[in-house]
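These are my notebook entries on a structure that I had not examined before. I record what I looked up, entry by entry.

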Amino acid sequence: MFFYLSKKVAMSNNVKLKCISWNKDQGFIACGGDDGLLRVLKLETQTDDTKLRGLAAPSNLSMNQTLEGHSGSVQIVTWNEQYQKLTTSDQNGLIIVWMLYKGSWYEEMINNRNKSVVRSMSWNADGQKICIVYEDGAVIVGSVDGNRIWGKDLKGVQLCHVAWSADSKALLFGMANGEIHIYDNQGNFMVKMKMNCLVNVTGAVSIAGIHWYHGTEGYVEPDCPCLAICFDNGRCQIMRHENDQNPVLIDTGMYVVSIQWNHTGSVLAVAGSQKVITQDKDVNTVQFYTPFGEHLGTLMVPGKQMSALSWEGGGLKIALTVDSFIYFANIRPDYKWGYCSNTVVYAYTRRDRPEYCVTFWDTKNNDKYVKYVKSLISITTCGDFCILATKADENHPQEENEMETFGAMFVLVLCNSIGTPLDPKYIDLVPLFVTMTKTHVIAASKEAFYIWQYRVAKKLTALEINQITRSRKEGRERIYHVDDTPSGSLDGVLDYSKAIQGTRDPICAITASDKTLIVSRESGTFQRYSLPNVGLIQKYSLNCQAYQLSLNCNSSRLAVIDILGVLTFFDLDARVTDSTGQQVVGELLKLERKDVWDMKWAKDNPDLFAVMEKTRMYVFRNLDPENPEYPNKDYIINFEIRSLRDSRALIEKVGIEDASQFIEDNPHPRLWRLLAEAALQKLDLHTAEQAFVRCKDYQGIKFVKRLGNLQSEPMKQAEVAAYFGRFEEAERMYLDMDRRDLAISLRLKLGDWFRVLQLLKTGSGDADDSLLEQAHNAIGDYFADRQKRLNAIQYYVQGRNQERLAECYYMLEDYVGLENLASSLPENHKLLPEIAQMFVRVGMCEQAVTAFLKCNQPKAAVDTCVHLNQWNKAVELAKSHNMKEIGSLLARYASHLLEKNKILDAIELYRKANYFYDAAKLMFKIADEEAKKRTKPLRVKKLYVLSALLIEQYHEQIKNAQRGKVKGKSSEATSALAGLLEEEVLSTSSRFTDNAWRGAEAYHFFILAQRQLYEGYVDTALKTALHLRDYEDIIPAVEIYSLLALCACASRAFGTCSKAFIKLESLETLSSEQKQQYEDLALEIFTKHTPKDNRKSELDGLLEGGEGKLPTCVATGSPITEYQFWMCSVCKHCVLAQEINNYNFCPLCHSAVG
């Protein structure tokens, strides 16, 4: 990154400036200072002319307005870009909102609290709200139209800073004591922010700046740090979000006054002053950092005291207020770009995507190819290829065959000039510096460098392929530590442990040519290695830290740009005598240029290079600058030799015969051609033919022959005009002769379809339909080739070109158009399967099925439904087309779901496909498992009810199927009977088809008994509990009899209680200890109470059991003895007539009481 001061604007009367803010959208600059000074400036925007001259920095002011209204020193200026408003505040607490009207700024609103001074104001990301903080702890949040949303007094704190989060849900308040508190957007305190950067700092600190980048232009990479907080002592922390426990920490080593992010959040500028040993006063400096804390550079600024800074909207300028001046500095960012085989490759971020957008722009054909790359580090180009260095994607599996690459953190992707990845290399070394030659890629971290000899697939012989596969692992990739001294004889190895070893003198730049690799280190040492077998040849020493290196085409000279922008040249092979009289290799050349941000050697001349200085480009030859001149077409002159001039003059003045005599004497093919063309113009066919023969132009001879066969003179002239490329004239002649067909055929030959169409439409009489169609289709192709598919569609419709229409609709994602096209095609049209496939690719099942059925491909339609998980549709289709394999399809998918333990999904699948029996089987399985796990009984009951409902649906399905079969025969009774018979055959007499409701009943009564017991209805609870004896196969016996004993005991039916205890003591599932406990308890109860039932008569019926059992009421658990009762239509269970009035739903299956 390179920066330099470009302009200085002075304030009148030397008024000191306090604050500055640059409007990112409209480019206005507001600055405030002492004595109520407030100005709005604007720099002139670029004209095309200045762009041509290469002036990147417009310098004149197009606006310079003083705004009257403040009396005290203006301390805060802030823009609301979305609503074009400027908000300012002074030392007296007066706030003014300004608006732009007809090119000037006017007061719109004024507010003065008169109690305290405003310390900070901040608009949220969408410009709807402003938060104002006062020194005395008052906070006001207002809307853009001037209404107060809320206000709050924070007691006992002095506020000095405020910032909104990107989503406007949180506010950060900076206190005078250096603390930062996080509040929600309603002013409620949430948490105090932890300041990791202030660890081990003693003494008072104050906050110099808080800036939260809101992601308006996208992020450099996903989860990128964006909240910067800096203190006056130079300590700074950059966080990913307000609760980031692991922020990036920076110690800038300066006294900080202001900080700000650039427009993309990729560079943080920190302004302030720094102590310099050589000078007694502090020097104003601006430091630039990446979001990850890497230092990008330092800009020194003259003057006594800097007070504020602000970035321009495009990030190419920065404004700084120093004393009573505004300084403007130009910024030259490190763009990620390169140039290979007529293609410019460049990268940028977009707000709607987390990745980098890398564009391959073919400048020759003006084609663009875009690919999206995550965490791009750099772009390097050479010859026809480029290398994209990126961070490895953790989620993305790397190639299996390269076992050693597992765990690699970075990838070097070799691409061609249209962005096709040819060969990715996973490496475990940070590619901070990457360079590339025609055969090698070299990537370096600070400690080590990795060399990869890349190969690109071309036509190889078997022998070459053999050699490549043999040498694939033998030295194609190597790693060297910067402190190693390789001899070049031994092949290096791919040993990543070298990348971990530290060094005291890190690498700061690298470059390479076909035979030389130069590695520069921070101390100023340059190491020269030979390529391809890496051997350390020489070490040179220069007094600078290199930032960029470049070798000329024959590797004799090295250009070095250091971190201060000074360009020097070093002759690598010159032998000179140094001050001690010893001969040394390498000499620093005399030329030195300042403020250089890039340079490039010519590819074919070792002495020619171009240099970029500030806003100018210089071209040097042999270290001398050339004067830039802009080439012009007028500089090219076609000069005719004398014989050609003489022949032309003869033809024009004397005539063809004399000229032909002259050319006979001075023969040359060019002269004969001249004669032939002149003779053609005059329709002297005989001479023309002879001349064409002499200059051996066969096409010319054929043309003359064809002319000879034409009868009419105007026709010949028209043909000659066409021959000489005067097509408009020829066409006019054809039309004058009323030969529109010839004019059309001329345009057809030229491929000018637009004119063909025009001619076809303008002529009287009917045009040839097939030709019209052809013209429409050709114009459609013209637009489609240029990606203008909307225009193409209009012509394809007229040309009835359904294939290309379908393609255009698909590419434009106009699926309605595609659907209409499919419905307009006749049945079994060859295009229908193709359109159906298009629908399949975008997941539009219904449309795809319709298309497949229209072209009589039901099998494909079913496959589509299966592919898109529309199983119910698949089953429906398979049934309606009598396809056999649907059962196997379902089974296959269900088993796939069951393997993944997605049992509920499998049930849903079967249910949708009307396979109720299979669904019920799985449902019962789940219910049984849940019951074993001793889950909540209510959940188990629900599962059993679901299973039973599925079985009921299965019964219903069987009956309906039979009804369908027996239609037109006998009564409904017969069909129902047939259904039952078939069901009998189908059901493998498993317990759940016979009595599907048993599980649900068991858990229903189990829950009901307990509910009645808790509610104090002990007698009914006992009756309900007695039913549970029939369900020992579902609920563990120990639970049944424990509950029964409890209910009997509560109901004082000690006879029943005694029987329950006898049963409990005889259970084999219990351990001897548990049995002992039951015996002890029984003893305790029955010593006090005789084991007899008091109300024997009532319980008799229930205790008897047996075949003639009465139906049980599922609401109360009592037997139903009356003739009037309600029966559920779904589960066929009964409820007492007087009880059902209390229910809207069946107590067992919860279906509505109809």
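**Entry 1. Helices 8 and 9**

I began with a pair of helices and asked how they are oriented. Helix 8 and helix 9 are roughly antiparallel to each other, because their axes cross at roughly 160° and angles over 145 degrees count as roughly antiparallel. I note here that the model is a predicted one. Helix 8 covers residues 698-709 and helix 9 covers residues 713-723, and their axes come within 10 Å. The crossing in which helix 8 passes helix 9 is right-handed. I then listed the residues that make this contact: helix 8 contributes Gly700, Phe703, Arg706 and Leu707, and helix 9 contributes Lys716, Glu719, Val720 and Tyr723. Sorted by class, the contact of helix 8 with helix 9 holds four nonpolar, one polar and three charged residues.

**Entry 2. The chain as a whole**

I next looked up the overall composition. The protein chain has 33 helices and 54 strands. It has 1154 residues, of which 48% are buried. Among contacts between residues at least 6 apart in sequence, 44% join residues at least 24 apart.

Which way does helix 4 run relative to helix 6: roughly parallel or roughly antiparallel? I found that helix 4 (residues 642-653) and helix 6 (residues 669-681) pack at an angle of about 20°, with axes 10 Å apart. The two helices are therefore roughly parallel to each other. Helix 4 passes helix 6 in a right-handed crossing. On the side of helix 4, the contact is made by Ser643, Leu644, Ser647, Arg648 and Ile651; on the side of helix 6, it is made by Arg670, Leu671, Leu674, Leu675 and Ala678. The classes in the contact of helix 4 with helix 6 are six nonpolar, two polar and two charged residues.

I then turned to the packing of helix 5 on helix 6. Helix 5 spans residues 656-665, and it packs with helix 6 at an angle of about 165°, the axes being 10 Å apart. That angle makes helix 5 roughly antiparallel to helix 6. The crossing of this pair is left-handed. From helix 5, I listed Ile656, Ala659, Ser660, Ile663 and Glu664 in the contact, and from helix 6, Leu671, Trp672, Leu675, Ala678 and Ala679. By class, the contact of helix 5 with helix 6 has eight nonpolar, one polar and one charged residues.

**Entry 3. Nonpolar cores**

Which residues have the most contacts inside the largest nonpolar core? They are Ile835, Tyr944 and Trp997, in a core of 136 residues. Apart from its neighbours within four places in sequence, Trp997 is in contact with Val945, Ala948, Leu949, Glu952, Val1130, Cys1131, His1133, Leu1148 and Cys1149. A second, separate core has 33 residues, including Leu198, Tyr213, Phe231 and Tyr289.

**Entry 4. Backbone exceptions**

Most residues other than glycine have a negative phi, and most peptide bonds are trans. The peptide bond from Leu531 to Pro532 is cis, with omega near 0°. Pro532 sits in the loop between strand 43 (525-530) and strand 44 (535-541).

Gln84 has a positive phi, near 50°. This residue lies in the loop between strand 6 (74-80) and strand 7 (85-90). Ser555 also has a positive phi, of about 60°, although it is not a glycine. I found Ser555 in the loop between strand 45 (546-551) and strand 46 (557-562). Is each of these residues buried or partly exposed? Gln84 is partly exposed, with a relative accessible area of 30%, whereas Ser555 is buried, at 4%.

**Entry 5. Two single residues**

Lys317 lies in strand 27 (residues 317-322). Because its relative accessibility is 8%, Lys317 counts as buried.

Asp905 is in helix 22 (residues 903-912) and counts as partly exposed, at 38% relative accessibility. The C-alpha atoms of Asp905 and Ala894 are separated by 8.3 Å, the two residues being eleven apart along the chain.

Methods
Residues numbered from 1 in each chain as written. Predicted model: local features only at pLDDT ≥ 70, side-chain atom pairs only at ≥ 80, totals over all residues. Heavy atoms only, no water. Axes fitted to C-alpha atoms, helices over the stretch in contact; angles between N-to-C directions. Helix = DSSP H or I, 4+ residues; strand = E, 2+ residues; numbered from the N terminus. Parallel < 35°, antiparallel > 145°, perpendicular 65-115°, else oblique. Left-handed = near helix turned anticlockwise from the far one by under 90°. Contact = heavy atoms within 4.5 Å. Nonpolar A, V, L, I, M, F, W, Y, C, P; charged D, E, K, R; others polar. Core = buried A, V, L, I, M, F, W, Y, C linked by side-chain atoms within 4.5 Å. Buried < 20%, exposed > 50% of the residue type's maximum accessible area, 1.4 Å probe, protein only.
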